[in-house]
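This report describes selected features of one protein structure, as listed under the headings below. Please look at the sequence and the model first.

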Amino acid sequence: MNFLFELIKQRRSIRKFLPQAVEPEKVDVLIKSVLMAPTSKNSKSWQFVVVDDTALLQQLAVSRPMGSTLIANAPLAIVVLADPSQSDAWLEDASIASAFLQLQVESLGLGSCWVQVARRPHNDEVTAEQYIRGLLQIPDTMNMVNVIAIGYKNEERRPYDETKLPYDKIHRNKF
Ligand SMILES: Cc1cc2nc3c(=O)[nH]c(=O)nc-3n(C[C@H](O)[C@H](O)[C@H](O)COP(=O)(O)O)c2cc1C
């Protein structure tokens with residue numbers, strides 16, 4: 001099978017990371033990869049905040065009551081933002097860039113996990129988006145989609161098994 005297929009099979013969400021930092025050369029490849037993701041009308045409506053400051057990572061880890069705690073042991077996180085004034089397809093643009101990022105992460109021998117931010121609460125009064133906006137000084141004009149936690153894997157996850165895929169989701173010619 002081809003390289004990309006094997007990569008897609010192998011990529012699983014990784015929630016435990018080694019303390020080891022991600023080398024700047026690898027961060028550079030990640031940055032270049034998201035900036036080559038396709039966007040509606042080539043609007044490039046996304047923006048990214050690369051976070052490697054330990055104190056900020058700890059604070060990002062408490063963005064949500066539960067689903068974000070894994071960021072605490074990641075040496076790197078990339079916050080994916082999009083400007084709705086630049087494209088009505090901002091969510092699609094940002095999501096595609098996130099998927100490109102997660103696959104590139106895997107190909108560099110690293111692991112990642114998507115931490116949902118959009119439409120998730122921080123607590124009863126504040127959304128996760130508002131909390132992160134304050135923490136990282138993100139302008140009000142930007143929408144926030146997720147935080148991708150990245151690092152060297154400290155857990156083993158089984159690759160997808162081709163024989164067990166939900167083939168019933170596939171329809172041919174008619175639903
Ligand atoms: C839109 C989206 C939101 C997600 N949000 C979270 C999250 O907030 N926290 C988390 O630990 N995993 C999150 N995940 C990871 C999913 O749980 C994971 O992709 C799914 O269980 C399939 O597992 P796999 O990634 O190992 O194939 C999210 C994934 C997607 C695509």
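Asp 28 and Lys 32 both lie in helix α2, four residues apart, which is about one turn of the helix. Helices (H or I, at least four residues) and strands (E, at least two) are DSSP runs, numbered from the N terminus. Asp 28 forms a salt bridge with Lys 32, and the closest N and O atoms are 2.8 Å apart. A salt bridge is a side-chain nitrogen of Lys or Arg within 4 Å of a carboxyl oxygen of Asp or Glu. Asp 28 is partly exposed at 34% relative accessibility, and Lys 32 is partly exposed at 47%. Here buried means under 20% relative accessible area, exposed means over 50%, and partly exposed is in between (1.4 Å probe, protein chains only).

Ile 31 also has its place in helix α2, which covers residues 24-34. Its relative accessible area is 32%, so Ile 31 is partly exposed. From Ile 31 to Asp 168 the separation is 137 residues in sequence and 36 Å in space, C-alpha to C-alpha.

## Basis of the values

The model is predicted: local features need pLDDT of at least 70, side-chain atom pairs count only at pLDDT 80 or more, and totals for chains, interfaces and linings use all residues. Residues are numbered from 1 along each chain as its sequence is written, and side-chain values use heavy atoms, with hydrogens and water left out.

## The paired strands

Strand β2 spans residues 76-82, and seven of its seven residues are buried, so the strand is largely enclosed by the rest of the structure. In a regular strand the side chains alternate between the two faces of the sheet. In β2, Leu 76, Ile 78, Val 80 and Ala 82 point one way, while Ala 77, Val 79 and Leu 81 point the other way; all are buried.

Which strands pair with β2? Strand β1 (residues 46-51) is joined to β2 by six bridges, and the two run antiparallel. Strands β2 and β4 also pair in the antiparallel sense, over seven bridges. Two strands count as paired if DSSP finds at least two bridges between them. Gln 47 has Leu 81 as its bridge partner in β2, and Val 80 has Asn 146 as its partner in β4.

Strand β3 (residues 111-116) is mostly covered, with five of its six residues buried. Six bridges join β3 to β4, and these strands run antiparallel. Val 115 is bridged to Val 147 in β4.

## The aromatic pair

The structure holds one aromatic pair. It is formed by Trp 46 and Phe 48, and the pair is tilted, at 5.5 Å centre to centre with 40° between the planes. Rings of Phe, Tyr and Trp (its six-membered ring) pair if their centres lie within 6.5 Å; planes under 30 degrees apart count as stacked, over 60 as edge-to-face and the rest as tilted. Trp 46 is buried, with a relative accessible area of 6%.

## Other salt bridges

How many salt bridges does the structure hold? There are six. Among them, Lys 153 pairs with Glu 106, the closest N and O atoms being 2.9 Å apart. Lys 153 lies in the segment after β4 and Glu 106 in helix α4 (residues 90-107), so the pair ties together parts that are 47 residues apart in sequence. Lys 153 is partly exposed at 31% relative accessible area, whereas Glu 106 is buried at 7%.

Lys 164 forms a salt bridge with Asp 161, with the closest N and O atoms 3.7 Å apart. Lys 164 is exposed at 67%, and Asp 161 is partly exposed at 33%. Salt bridges that share partners join Glu 129, Arg 133 and Asp 140 into one network.

## Glu 129 and its contacts

Glu 129 has its place in helix α5, residues 128-136. Its relative accessibility is 16%, so Glu 129 counts as buried. Leaving aside neighbours within four places in sequence, Glu 129 is in contact (heavy atoms within 4.5 Å) with Val 117, Ala 118, Met 142, Asn 143 and Met 144.
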